[in-house]
Amino acid sequence: MNGVAIHPALEPLSADQRAALMARSPRMTLAPGERVFAPGQRCEGLPLVVDGEIRVQMIGASGNEIVLYRIAAGELCTLSVSCLLAGAAYRAEAIVETGASVLVVPAAVFDTLMAEAPGFRAAVLRSYGERLQTLMLVVEEVAFGRLDQRLADHLISRQSQGVLATTHQALAVELGTAREVISRLLKQFERQQLVHLERGLVELRDERGLARIAAGMGS
C-alpha cells in the first residue's frame with residue numbers, strides 16, 4: 001500500500017526506543033467499513049495510521065450522526081489521546097473509509113513514551129492541539145454556519161475531477177443534519193444548474209457558482 005514507511009510521531013525516537021515500540025505494538029490491516037472503536041469502549045492504545053483513512057464520527061441521541069474528523073496516513077487519533085490521558089472511554093466511533101494500515105501503541109507504552117521521550121510527547125501534543133482547532137471549527141460551523149454554504153464548500157473540497165461519489169445520507173452525516181434537508185438543498189443546487197444529481201453521485205456543473213455560495217455571496 002502507499003503511505004509513509006514510518007509514522008511521523010515515531011521519528012523523534014531513538015533506534016532502540018523505536019525497535020522496542022515496534023516489538024510491542026501490533027500492526028493491523030483494516031478493510032473499508034471496519035470499525036476501529038465504538039462509543040463506550042475503553043481505549044487500549046493509540047492508533048497511528050500508517051496508510052489509508054479513518055473517519056471519526058459521533059451519533060446523537062436522536063440518531064443523527066456528524067463526522068468530527070478524519071485520520072489520514074501520518075496522523076494520529078486525537079480522541080484516543082484524550083481517552084488515554086483521561087482514562088476515559090470513547091464517546092464516538094471510528095470507521096475505516098479506505099483500506100488502512102494502523103500501528104497500535106499499547107496504553108502502557110504510550111504512557112512511558114509520554115514520560116520519557118520528549119520528541120514523541122511534543123509530536124502528540126502538537127497533533128492534539130491542531131486537531132482541537134479543527135474540532136472548534138466543526139462546532140462553529142454546526143452552531144453558526146449556514147447549511148447551504150457548508151454544503152457547497154463540502155462538495156468542492158471532497159470532489160475529484162468534478163464528481164463526488166456519495167449519498168444524501170452520507171452528506172447529512174458529514175454536515176450534522178437530516179437527509180431531507182440535504183436533499184432539498186441539492187435539488188435547489190440542481191435547479192440553479194450548479195450540480196447534476198444521479199443515484200450515489202453528485203456532478204459539479206458550476207464550481208465557481210458553488211464557491212460563491214460557500215463564500216456567502218449567493219449563486
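Reader: What should I know about the model before I start?

Author: It is predicted: local features need pLDDT of at least 70, side-chain atom pairs count only at pLDDT 80 or more, and totals for chains, interfaces and linings use all residues. Residues are numbered from 1 along each chain as its sequence is written, and side-chain values use heavy atoms, with hydrogens and water left out.

Reader: How many helices and strands does the chain have?

Author: Helices (H or I, at least four residues) and strands (E, at least two) are DSSP runs, numbered from the N terminus. The chain has eight helices and eight strands. Its C-alpha atoms fill a box of roughly 60 × 35 × 30 Å along the principal axes.

Reader: How many residues are there, and what percentage count as buried?

Author: Buried means under 20% relative accessible area, exposed over 50%, and partly exposed in between, with a 1.4 Å probe and protein chains only. Here 42% of the 219 residues are buried. One case is Ala-100, with a relative accessible area of 0%; this residue lies in strand β5.

Reader: Where do the nonpolar side chains gather?

Author: In soluble globular proteins, nonpolar side chains tend to be buried together. A nonpolar core is a set of buried Ala, Val, Leu, Ile, Met, Phe, Trp, Tyr and Cys residues joined through side-chain atoms within 4.5 Å. The largest one here has 41 residues, and those touching the most other members include Leu-21, Leu-46 and Phe-110. Elements that each supply at least two residues include β3 (45-59), α2 (78-86) and α4 (118-144). Strand β5 gives the largest share, seven residues. A second, separate core has 20 residues, among them Leu-147 and Phe-189.

Reader: Which residues does Leu-21 touch?

Author: Contact means heavy atoms within 4.5 Å. Leaving out residues up to four places away in sequence, Leu-21 touches Leu-10, Leu-13, Leu-103, Val-105, Val-109 and Leu-113. For the chain, 70% of contacts between residues at least 6 apart in sequence join residues at least 24 apart.

Reader: Which residues of helix α8 are buried?

Author: Helix α8 (residues 207-214) buries Gly-209, Leu-210 and Ile-213. They are on the same side of α8 because they cover an arc of only 100° around the axis, the arc being that of the directions from the helix axis to the C-beta atoms. Their cover includes α5 (147-158), α7 (179-191), β7 (195-198) and β8 (201-204). Just after α8, Gly-216 has a positive phi of about 80°.
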